[in-house]
Each structure stands twice: as structure tokens, then as C-alpha cells.
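Visitor: Hi, I'm new to this one. Can you put it up and walk me through it?

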Amino acid sequence: AFQENNIKAVYSSPAKRCVETAKLIFPQIDITLDDRLQEINYGSAEGLTFETLKEYQPEIIDAWSKGEDPQLQDGGENTSCVLSRLNNFLIELREKIDGATVVMTHNVVLRCLIGEAHDIPQQEWHLLSIPHAEPLEFKIMAGRLISNIPRSQLGNIFTALGKV
């Protein structure tokens, strides 16, 4: 499917899994790495289970339960931080884009992208079920990023929201 779209550029998170996947799919295209496409930085919560986080940083769990967007400790981010860097990347991309472009990124970044595109309240973005290794298509029309994800795929993404 990618070959049919005549891909002109590939941007990727510098994470090894993104770069290796991009190289496998697009061996003929130079891949541009961009730190703004990295997964959320969980700071000191990185690698912790929910139960461990609840034990050591209960204030984070409490804030989440209130629909808040707390910044994670020790250099960690929150959803707003990820959205900000994603929007910064997209502004720059709109200026550079010249044909079909692929972006290889991560779960939370994609939740931000889809949540924004579909006007879903930010406190519900964690409920979006992002498929792994499946393309999610967006188009730029009149300078705006528009979701072009098939309805059946959106149904799967929105399952936990109860929306289709």
C-alpha cells in the first residue's frame, strides 16, 4: 500500500523500533529522525506498573482520576507536553511537505493526533485504542490536518469511548 502512494519522505521517532521498522518498509528513502515524535517521557514512572505507580506516586493517580493532566516527576511529561511538541512538528511539516509522507511514531503521540482531529476531550485520550503497525492516514487540506481513517478502523480505536 505504501508503494502505491509514491512516498516522498519518511519522518521517524529516533526510537530503535521506529527506525528499524521505517528502514524495513522504506529501504530506498532517507529517514529523517525527529525527537518530537518520541513516545511520552514518563520520567521516574517509566517502566512502573499501574499498581507500583499508585503506591509511589499516588498524587498522579489521584489527578488522573479527576480528569487532570499532571506532569510526571523527574523530567516526565504529560499529554499537553506531547501535544505541544506534536503540533510544533506538524506546523513545520506542513511547510516542508511535498507529496505523500510517512511518520513513524508512538501510541501517546497518535492518541494526541487522533484526539485533536476528532475533537475528543483530552481527558478521554487514554481510552483511544491505537492499533500497532497499522497505517493511520491523514491529509492536509487548506493547511489543516484531516483524519482519513476508515470508519471501521475508527470504530476499533474508539471502542472504549463508546463512540463510532
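This is a predicted model: local features need pLDDT of at least 70, side-chain atom pairs count only at pLDDT 80 or more; totals for chains, interfaces and linings use all residues.

Visitor: Which residues line the largest cavity?

Guide: Tyr11, Asp34, Arg36, Phe89, Glu92, Leu93 and Lys96. A cavity is a set of points on a 1 Å grid over the protein atoms alone where a 1.4 Å probe fits but cannot get out, and lining residues have an atom within 4 Å of a point.

Visitor: How much space lies in the largest cavity?

Guide: About 30 Å³. A volume is the space filled by probe spheres set on the points, and grid points are joined across faces, edges and corners.

Visitor: Which helix gives the most to that lining?

Guide: Helix 4, residues 79-96, with four residues. Helices (H or I, at least four residues) and strands (E, at least two) are DSSP runs, numbered from the N terminus.

Visitor: On to pockets. How much space lies in the largest pocket?

Guide: About 1200 Å³. A pocket is an open set of points with protein on both sides within 12 Å along at least five of seven lines. The largest pocket is lined by 40 residues, and Val102, Val103, Met104, Pro135 and Leu136 lie nearest its centre. By class, the lining has 26 nonpolar, eight polar and six charged residues.

Visitor: Where does the largest share of that lining come from?

Guide: Helix 4 again, with five residues.

Visitor: And what volume has the second largest pocket?

Guide: About 480 Å³. Of its 17 lining residues, Trp64, Asp69, Thr79, Arg111 and His126 are the closest to the centre.

Visitor: Let's switch to helix 1. Which of its residues are buried?

Guide: Cys18, Val19 and Ala22. Buried means under 20% relative accessible area, exposed over 50%, and partly exposed in between, with a 1.4 Å probe and protein chains only.

Visitor: What do they pack against?

Guide: Strand 1 (9-12), strand 2 (31-33) and strand 3. The face turned away carries the exposed residues Lys16, Arg17 and Leu24.

Visitor: New topic. Is isoleucine 130 buried or exposed?

Guide: Isoleucine 130 counts as buried because its relative accessibility is 7%. Isoleucine 130 lies in the loop between helix 5 and strand 4. Leaving aside neighbours within four places in sequence, isoleucine 130 is in contact (heavy atoms within 4.5 Å) with Asn107, Leu110, Arg111 and Ile114.

Visitor: And alanine 133, buried or exposed?

Guide: Alanine 133 counts as exposed, at 85% relative accessibility. Alanine 133 lies in the loop between helix 5 and strand 4, and has a positive phi of about 60° although it is not a glycine. Most residues other than glycine have a negative phi.

Visitor: What about phi of aspartate 119?

Guide: Aspartate 119 has a positive phi too, near 50°. Aspartate 119 is exposed, with a relative accessible area of 67%.

Methods: Residues are numbered from 1 along each chain as its sequence is written. Side-chain values use heavy atoms; hydrogens and water are left out. Ala, Val, Leu, Ile, Met, Phe, Trp, Tyr, Cys and Pro count as nonpolar, Asp, Glu, Lys and Arg as charged, and the others, Gly among them, as polar.
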